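Reader: Please take a close look at the sheet on display and go through its pairing strand by strand. After that, carry on to whatever else in the model can be described in the same terms.

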Amino acid sequence: MANYDYDIGILGGGSGGLTVAAGAAQLGARTLLVEKEEALGGDCLHFGCVPSKTLIRTAHVYHLMKKAKEFGLPPVEVRPVDFREVAKRIQSVIQVIQKHDSEERFCNLGAKVEFGPPIFRDEHSIDLNGKFLSAKNWVIATGSSASIPPIPGLEQTPYLTNRDLYSFDRLPTSMIILGAGPIAAEMAQAFCRLGTRVEVIQRSGQILSNEDKDMADRVMEVLQEEGVAFHLNTSILSARDLGKEREVVIKPREGGPKSLKAETILIALGREANLKSLNLEGIGVPYDPKGLTLDARLRTIHKHIYGAGDVTGTYQFTHAAGYEGSIVVSNAIFHLPRKVDYTYLPWCTYTHPELASIGMNEKRAKAAGIEYDVWVEEFKDNDRSLAEGEPVGKIKMLLDKKGKPIGVQILGPRAGDLVSEWVAVLNGGVKPMTLAAAVHPYPTLGEINKKVAGTYLSSKIFSERMKKGLRFFFNLRGRACGPT
Ligand SMILES: Cc1cc2nc3c(=O)[nH]c(=O)nc-3n(C[C@H](O)[C@H](O)[C@H](O)COP(=O)(O)OP(=O)(O)OC[C@H]3O[C@@H](n4cnc5c(N)ncnc54)[C@H](O)[C@@H]3O)c2cc1C
């Protein structure tokens with residue numbers, strides 16, 4: 001049997017790679033973790049989830065300060081934002097979390113961490129800074145980067161991606177955002193709230209295009225009310241550096257070309273997998289710009305080389321990367337064949353209100369040809385939402401024709417947290433009756449979950465047929481009062 005340096009080698013020390021490294025090392029596998037940058041943690045920690053959510057919180061507090069009067073407080077005179085202070089707060093949060101993702105921690109778990117750019121030499125070994133390192137299994141978890149479209153003039157025009165957003169010396173006065181997915185929507189609102197003039201350009205007629213249109217449109221309306229300008233059904237013709245400003249020329253579906261000018265351009269038009277520098281061509285591992293070609297057990301064409309995280313090109317979230325990492329550990333270390341199943345993978349866009357999703361929404365159900373019923377409850381009817389001053393949004397529960405929940409969409413305050421109850425409901429096959437009967441604390445936002453299940457059940461329990469039956473069996477005498 002071949003003698004390898006390691007049982008498993010992992011390329012990329014982000015959400016996916018760290019999950020595999022922690023799992024494999026703790027199970028007793030001789031584990032190598034290779035990271036190209038100088039620190040572990042990946043995009044999520046350094047340029048993604050953590051800095052963006054920290055910025056969103058800061059922007060939310062600033063927004064609330066301006067709304068003090070709406071809460072019965074004396075109006076507050078807010079001073080302009082000093083972005084260096086905001087950036088400091090972002091870095092301080094990253095530093096705390098960085099400790100969990102430190103080289104020492106992984107060394108203590110039993111994994112050897114090496115830094116540098118790895119290149120596959122053959123199917124079992126890499127060249128790292130001139131050293132050859134071999135492993136029985138390899139995992140590619142090198143993440144993704146902002147995809148840069150071939151827009152005429154863009155190459156000669158300074159632009160930003162998610163890597164540049166959190167370290168400005170001062171707040172940009174204006175920003176044109178190309179794209180209207182989750183990153184674009186979150187950053188549009190956060191920067192607008194902090195005082196930047198923001199315009200968003202979107203090719204299709206809807207922002208957050210994976211979501212149901214009614215939910216996404218409501219998010220857009222809130223952002224518009226706060227001052228973000230949207231250009232939907234619009235293509236981008238060119239970009240140009242004008243010195244102090246940048247220009248983006250757009251072409252709306254109706255009407256002629258238009259010139260937009262701003263201090264900065266943010267590109268948020270999707271992601272491209274970081275696979276180009278690994279010499280995958282040399283070892284015959286197929287991939288395209290979205291990601292690796294993988295089977296359901298996350299194996300490439302070589303059964304001992306796996307993919308996890310954004311390089312799978314499927315659901316590009318930290319929790320998806322962690323889940324995929326656990327599938328790889330199961331397959332490569334436990335030798336327990338496990339396939340990925342994304343049926344109930346939840347996600348959330350952290351605009352305010354948040355938009356969370358699990359399972360089927362109407363769009364996906366229609367595309368899959370599934371017949372469904374929708375049950376809706378509004379946050380304006382939730383006592384806690386009113387107390388919090390958060391009345392915008394609703395929950396949509398989709399049931400199949402047998403009354404089984406197949407998906408839930410929540411637009412509202414803390415939707416990302418509220419959807420967690422549905423993670424248990426859907427994965428556990430819990431019936432709406434169980435959820436509706438379970439006592440929830442009052443007053444909480446979470447009561448909306450119970451209420452939507454209860455509304456569905458009420459339609460069954462309080463049906464004319466049921467009332468007729470009860471009247472007959474228990475001699476009930478019917479209404480004591482009626483509508484005037
Ligand atoms: C602005 C923004 C906000 C986001 N917000 C959220 C959110 O709120 N919730 C959520 O779930 N997801 C969010 N995401 C997505 C999330 O960050 C990614 O899905 C997640 O980081 C993917 O994990 P990964 O391990 O695949 O990649 P990463 O975490 O990026 O890790 C990949 C690692 O590989 C390293 N690497 C790259 N190339 C090589 C190479 N050749 N050799 C060795 N190492 C290499 C990188 O340096 C990096 O450390 C956000 C992303 C962005 C950009």
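Author: Arg-246 stands opposite Ala-262 in strand 13. Strands and helices here are DSSP runs numbered from the N terminus (helices are H or I with at least four residues, strands are E with at least two). This is a predicted model, in which local features need pLDDT of at least 70 and side-chain atom pairs count only at pLDDT 80 or more, while totals for chains, interfaces and linings use all residues. Residues are numbered from 1 along each chain as its sequence is written, and side-chain values use heavy atoms, with hydrogens and water left out.

Arg-246 belongs to strand 12 (residues 246-252), which pairs with strand 13 in the antiparallel sense over 5 bridges; two strands pair if DSSP finds at least two bridges between them.

On its other pairing, strand 12 runs antiparallel to strand 11 over 7 bridges. Here Ser-235 has Lys-251 of strand 12 as its bridge partner. Strand 11 and strand 12 also form a hairpin, with 4 residues between them, and Gly-243 in that turn has a positive phi of about 90 degrees.

Put together, 3 strands make an open sheet in the order 11-12-13, with antiparallel pairing. Strand 11 (234-241) and strand 13 (258-262) are the edges; each has a single partner strand, so one side of each lacks a neighbour in the sheet. From one strand to the next the twist averages 25 degrees, where axes are lines fitted to C-alpha atoms (for helices over the stretch in contact) and angles run from 0 to 180 degrees between N-to-C directions. Strand 12 is mostly covered, with 6 of its 7 residues buried. Buried means under 20% relative accessible area, exposed over 50%, and partly exposed in between (1.4 Å probe, protein chains only).

Strand 8 (residues 174-178) is largely enclosed by the rest of the structure, because 5 of its 5 residues are buried. Ser-174, Ile-176 and Leu-178 point one way from the strand, Met-175 and Ile-177 point the other way, and all are buried. Strand 8 pairs in the parallel sense with strand 14 (residues 264-267) over 4 bridges, and there Met-175 has Thr-264 as its bridge partner. Strand 8 also pairs in the parallel sense with strand 9 (residues 197-201), over 5 bridges.

Next, the cysteines. The structure holds 1 disulfide, a term used for a pair of cysteine sulfur atoms within 2.5 Å. Cys-44 and Cys-49 form it, with their sulfur atoms 2.4 Å apart. The torsion about their S-S bond is about -130 degrees, so the disulfide is left-handed. Cys-44 counts as buried at 16% relative accessibility, whereas Cys-49 is partly exposed at 30%. Cys-192 is in no disulfide, and the nearest cysteine sulfur, that of Cys-348, is 20 Å away. Cys-192 is buried at 12% relative accessibility, while Cys-481 is exposed at 63%.

Last, the helices. Helix 11 (residues 415-427) and helix 13 pack at an angle of about 50 degrees, their axes 9 Å apart. The two are therefore oblique to each other; angles under 35 degrees count as roughly parallel, over 145 as roughly antiparallel, 65 to 115 as roughly perpendicular and the rest as oblique. Leu-418, Glu-421 and Trp-422 of helix 11 meet Ile-448, Asn-449 and Val-452 of helix 13, contact meaning heavy atoms within 4.5 Å. Phe-462 lies in the loop between helix 13 (447-461) and helix 14 (464-474), and counts as exposed at 56% relative accessibility. Phe-462 and Val-374 are 88 residues apart in sequence and 18 Å apart in space, C-alpha to C-alpha.
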